[in-house]
Amino acid sequence: MSNRGSRRSELSTVASTRRSQAKVVLLILAAHNVVQNSILNEHGYVPGNVVVAATLAGLARDAGLTWEEIGLGRGDLRMSRRTGAWILTASTAFLAVTARIPRIRHHLRDERAPIGSRRETIRRALIRFPVGTALFEEVAFRGVLPALLASATRSGDITAAGMFAIWHLIPTHHALRVNGIAQGPRSRILGTLAGSAAAGLAGYVLSRVRRKTGSILAPWLIHSAVNTTSFLAAVRAGLDDT
């Protein structure tokens with residue numbers, strides 16, 4: 001066999017392995033989505049997500065992907081730091097604005113936010129959202145999945161963003177129901193689809209940031225800041241209504 005033929009066969013084997021691992025990853029995510037939203041309690045949320053994230057990274061490595069390919073390398077640290085500084089400034093400004101405008105703050109209330117427990121608020125702000133949510137989802141949807149699906153191409157990011165939208169169907173529906181938003185089955189279905197589509201679009205934007213910076217660090221910083229800021233705003237809104 002010529003060197004060219006051998007190389008072609010090797011690439012075909014690698015591609016087949018990655019496709020197989022991608023299917024396994026999708027099955028794990030589908031199962032975990034159900035478990036996370038119906039079985040795990042609040043205290044099992046972070047450990048469960050950390051274990052699954054580590055498992056997905058291990059599967060990607062077994063498929064021959066490098067740490068850099070799955071976004072867990074150094075990347076462009078300078079650009080990531082600038083992104084982190086920018087998002088921290090924007091988040092702080094958002095909290096300052098909502099603190100001064102009660103009408104806006106009222107619409108940010110979330111019945112799931114703990115009211116009156118400083119310890120739980122700190123735990124969620126510093127661990128639950130940055131690690132349990134943002135880190136897990138960045139590893140899964142901006143790191144492992146795009147790399148397994150289509151290496152560094154745009155199609156991998158688009159597919160992963162679609163999976164990210166599907167991932168948010170159950171939690172979005174739950175959030176609408178708990179908060180009494182979009183009354184009626186039809187309105188709630190439309191609200192769920194709209195919210196999940198928005199999550200998918202945000203996921204695609206984060207994927208492009210990941211490509212630009214070469215790692216999931218910047219997307220993780222953005223994701224963590226947005227989730228934590230929204231949570232703190234919801235807690236503040238709840239305190240105002242008590």
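# Salt bridges, helices and a surface patch

Me: This is a predicted model. How far apart are the closest N and O atoms in the salt bridge of Glu-120 with Arg-123?
Reply: Glu-120 and Arg-123 both lie in helix α5, which covers residues 118–150. Three residues separate them, about one turn of the helix. The closest N and O atoms of this salt bridge are apart by 2.8 Å.

Me: Are Glu-120 and Arg-123 buried or exposed?
Reply: Buried means under 20% relative accessible area. Glu-120 falls in that class, and Arg-123 does too. For both residues, the word is buried.

Me: Which residues are linked with Glu-120 and Arg-123 in a network of salt bridges?
Reply: Side chains of opposite charge can pair when their charged atoms come close. Here, Glu-120 and Arg-123 belong to a network of such bridges.

Me: How many salt bridges does the count come to?
Reply: The rule asks for a side-chain nitrogen of Lys or Arg within 4 Å of a carboxyl oxygen of Asp or Glu. Arg-18 and Glu-69 qualify, at 3.9 Å from N to O. By this rule the count is nine.

Me: Which parts of the chain hold Arg-18 and Glu-69?
Reply: The two residues are 51 residues apart, and their pair links distant parts of the chain. Arg-18 sits in helix α1. Glu-69 sits in the loop between α2 (42–62) and α3 (77–100).

Me: Which helices are linked by the salt bridge of Asp-157 with Arg-211?
Reply: The closest N and O atoms of this pair are 3.1 Å apart. Asp-157 is buried, with a relative accessible area of 0%. The partners stand 54 residues apart in the chain, and they link α6 and α8.

Me: At roughly what angle do the axes of α6 and α8 cross?
Reply: Two packed helices are described by the angle between their axes and the distance between the axes. The axes of α6 (residues 154–167) and α8 come within 8 Å. The crossing is right-handed. Its angle is roughly 145°.

Me: Which residues of α6 make the contact with α8?
Reply: On the α8 side, the contact includes Ser-196, Gly-200, Tyr-204 and Arg-211. On the α6 side, the residues are Arg-154, Asp-157, Ile-158, Ala-161, Phe-164 and Ala-165.

Me: How far apart in space are Ala-202 and Ala-165, C-alpha to C-alpha?
Reply: Ala-202 lies in helix α8. Ala-202 is partly exposed, with a relative accessible area of 38%. In sequence, Ala-202 and Ala-165 are 37 residues apart. In space, the C-alpha to C-alpha distance is 9.1 Å.

Me: Which helix supplies the largest share of the nonpolar patch?
Reply: The surface patch is formed by Val-34, Ile-166, Leu-169, Ile-170, Ile-189, Leu-190 and Leu-193. Together they have about 590 Å² of accessible area. Helices α7 (169–178) and α8 (185–213) each supply at least two of the residues. The largest share, three residues, comes from α8.

Me: Which residues are in contact with Gln-36, leaving aside its neighbours within four places in sequence?
Reply: Gln-36 is part of helix α1, residues 3–38. Gln-36 is buried, with a relative accessible area of 10%. With those neighbours left aside, its contacts are Tyr-45, Asn-49, Phe-136 and Trp-167.

Me: How far apart in space are His-107 and Ala-234, C-alpha to C-alpha?
Reply: His-107 is found in helix α4, residues 102–107. His-107 counts as exposed, at 65% relative accessibility. In sequence, His-107 and Ala-234 are 127 residues apart. From C-alpha to C-alpha, the distance in space is 8.6 Å.

Methods:
Residues numbered from 1 in each chain as written. Predicted model: local features only at pLDDT ≥ 70, side-chain atom pairs only at ≥ 80, totals over all residues. Heavy atoms only, no water. Patch = residues over 30% accessible without salt bridge, like charges linked within 9 Å, V, L, I, M, F, W, Y side chains within 5 Å. Areas by Shrake-Rupley, 256 points an atom, 1.4 Å probe, with all protein chains shown as cover. Helix = DSSP H or I, 4+ residues; strand = E, 2+ residues; numbered from the N terminus. Axes fitted to C-alpha atoms, helices over the stretch in contact; angles between N-to-C directions. Left-handed = near helix turned anticlockwise from the far one by under 90°. Contact = heavy atoms within 4.5 Å. Buried < 20%, exposed > 50% of the residue type's maximum accessible area, 1.4 Å probe, protein only.
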